[in-house]
Amino acid sequence: MLQDEAPSRDDAERQVRRGRSAVSGRRLVCLLPALLIVGGLAFGIATPAAYTAAPFFCAAPLIAASLSSLRGTALTALAAVLGEVWAVTYRGALEDYRESVAESAMVCVVALLALGINRLVRRSDAHLASARDISEAAQRAVLPPPPAQLAGLAVAARYVGARADARIGGDLYAVQDTPHGVRLIVGDVRGKGLEAVEAAVVVIGAFREAAEQETTLEAVAGRLERALQREGGRRAGLDQFEGFTTAVLAEIPANGQSVLRVLNRGHPAPLLLTPDGGLRELVPAVPALPLGMGEVASWPDRSDETFFPAGALLLFFTDGVTEARDLLGRFYHPPSRLRGRRFLGPDALLDTLVEDVARHTGGAPADDMALLAVQRPMGA
């Protein structure tokens, strides 16, 4: 694993360069109102009196309204008005009294409008900050971060919201140490909004109880199925309760064996990344319907058992990863993007995955992403 230190330093240097570029870009944008005013003054000096510099002076306070504080917007508006008055005076436009008054009045009206816009933007920012605080509190309550070490395993998790003002949805994860080994779940409730969050709470609560009490993953899945059915019955039908939940359950036994058991209920297959750069998709031997669809069809659950070597990383994710598209509409394919790469640990793996999806989509993902990674230590 020491061979990965150089690539990690390179990644860190690239991140620093991207951060510096982003800061430089923001500074340039913040300077744009001042550049427009200077451009308006230069335009007034360099062009005949028949041309007007008013568009420069109108644009400056409007741009400042969304970028600057109220004080900064007010100073920009004042500079724009004074610049317009100077321009009409310098260019001799006062000879055409009506035209010069109309131009100056237009700049004054736009300046006052910019102050109003700034106030609305600041109020909206305050509401957004409050919504973010609430959503972050909900996220910590519903999806608390797992411990970095659990029963000798290294663990990391991420929740990446598609929207800045809605950081928690129906994507879910949970991991805990039980008498039967470390058990975990990653799932995705159908739908959005508070109903999806409520369904996620039901699934996580049922999992935490069942994971302690049931001796097999199949029995845990059965408990989750019954919990969703009960909750759907209380709410006058599963459709109103957001219906089904795709989920993958996994178990790493506590006896030290290099064994992994996975039970997949209609969820994207997890990935097993070996220390030598190999990658394997843990596709279920028999496909199964998501949880909550027992009324449609039912059959006995069956977990798949595979070898989990020392130093290997186990990656779980929701369909926000696999359904992420680039500008040409191509889906993100985790196996091809991660195969052949080595990672120092679960945190490095998840950080790389989040950044790679963002590069693929050109920005924020179109759907929420819940990510969970587990690593068996070397020599275990």
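What share of the contacts in the protein with a separation of 6 or more comes from residues 24 or more positions apart? The share is 71%, where contact means heavy atoms within 4.5 Å. These legends describe a predicted model, in which local features need pLDDT of at least 70 and side-chain atom pairs count only at pLDDT 80 or more, while totals for chains, interfaces and linings use all residues. Residues are numbered from 1 along each chain as its sequence is written, and side-chain values use heavy atoms, with hydrogens and water left out.

**Figure 1. Overview of the protein, with its 10 helices and 11 strands.** Helices (H or I, at least four residues) and strands (E, at least two) are DSSP runs, numbered from the N terminus. Of the 380 residues, 43% are buried. Here buried means under 20% relative accessible area, exposed means over 50%, and partly exposed lies in between (1.4 Å probe, protein chains only).

**Figure 2. Helix H2 (residues 32–46) beside helix H4 (residues 70–90).** The two axes are 9 Å apart, and the packing angle is about 5 degrees. Axes are lines fitted to C-alpha atoms, for helices over the stretch in contact, and angles run from 0 to 180 degrees between N-to-C directions. H2 and H4 are therefore roughly parallel; angles under 35 degrees count as roughly parallel, over 145 as roughly antiparallel, 65 to 115 as roughly perpendicular and the rest as oblique. On the H2 side, look for Pro33, Ile37, Leu41, Gly44 and Ile45, which meet Thr76, Ala79, Ala80, Gly83, Trp86 and Tyr90 of H4. The residues of this contact comprise 8 nonpolar, 3 polar and no charged. In this sorting, Ala, Val, Leu, Ile, Met, Phe, Trp, Tyr, Cys and Pro are nonpolar, Asp, Glu, Lys and Arg are charged, and the others, Gly among them, are polar.

**Figure 3. Helix H3 (residues 54–67) against H2.** Here the axes come within 8 Å and cross at roughly 175 degrees, so H2 and H3 are roughly antiparallel to each other. H2 brings Leu32, Pro33, Leu36, Ile37, Gly39, Gly40, Leu41 and Phe43 to the contact, and H3 brings Phe56, Phe57, Ala59, Ala60, Ile63 and Ala64. That makes 12 nonpolar residues, 2 polar and no charged.

**Figure 4. H3 against H4, and the loop that lies between them.** The axes of H3 and H4 come within 8 Å, crossing at roughly 175 degrees, so this pair is roughly antiparallel. Ala54, Phe57, Ala60, Pro61, Ala64 and Ala65 of H3 meet Thr73, Thr76, Ala77, Ala80, Gly83, Glu84 and Ala87 of H4. The contact of H3 with H4 holds 9 nonpolar residues, 3 polar and 1 charged. In the loop between the two helices sits Ser68, partly exposed at 22% relative accessible area. Apart from neighbours within four places in sequence, Ser68 is in contact with Thr73, Asn118 and Arg122. The C-alpha atoms of Ser68 and Arg122 are 9.5 Å apart, although 54 residues separate them along the chain.

**Figure 5. Gln176 in strand E3 (residues 171–178).** Gln176 counts as buried, at 10% relative accessibility. Its side chain makes a polar contact of 3.1 Å with the side chain of Arg208, and another of 3.1 Å with that of Glu212. A polar contact is a pair of N or O atoms within 3.5 Å; within protein, one must be able to donate a hydrogen and the other to accept it, and residues adjacent in sequence count only if both atoms are side-chain atoms. Beyond residues up to four places away in sequence, Gln176 touches several others, including Leu150, Val182 and Phe207.

**Figure 6. The largest nonpolar core, with its 51 residues.** Such a core is a set of buried Ala, Val, Leu, Ile, Met, Phe, Trp, Tyr and Cys residues joined through side-chain atoms within 4.5 Å. Ile185 and Leu249 have the most contacts inside it, and helix H6 (residues 193–213) gives the most to this core, with 11 residues. Leaving aside neighbours within four places in sequence, the contacts of Ile185 include Leu172, Val203, Phe207, Leu224 and Leu249. A second, separate core has 20 residues, among them Ala156, Leu279, Leu315 and Met369.
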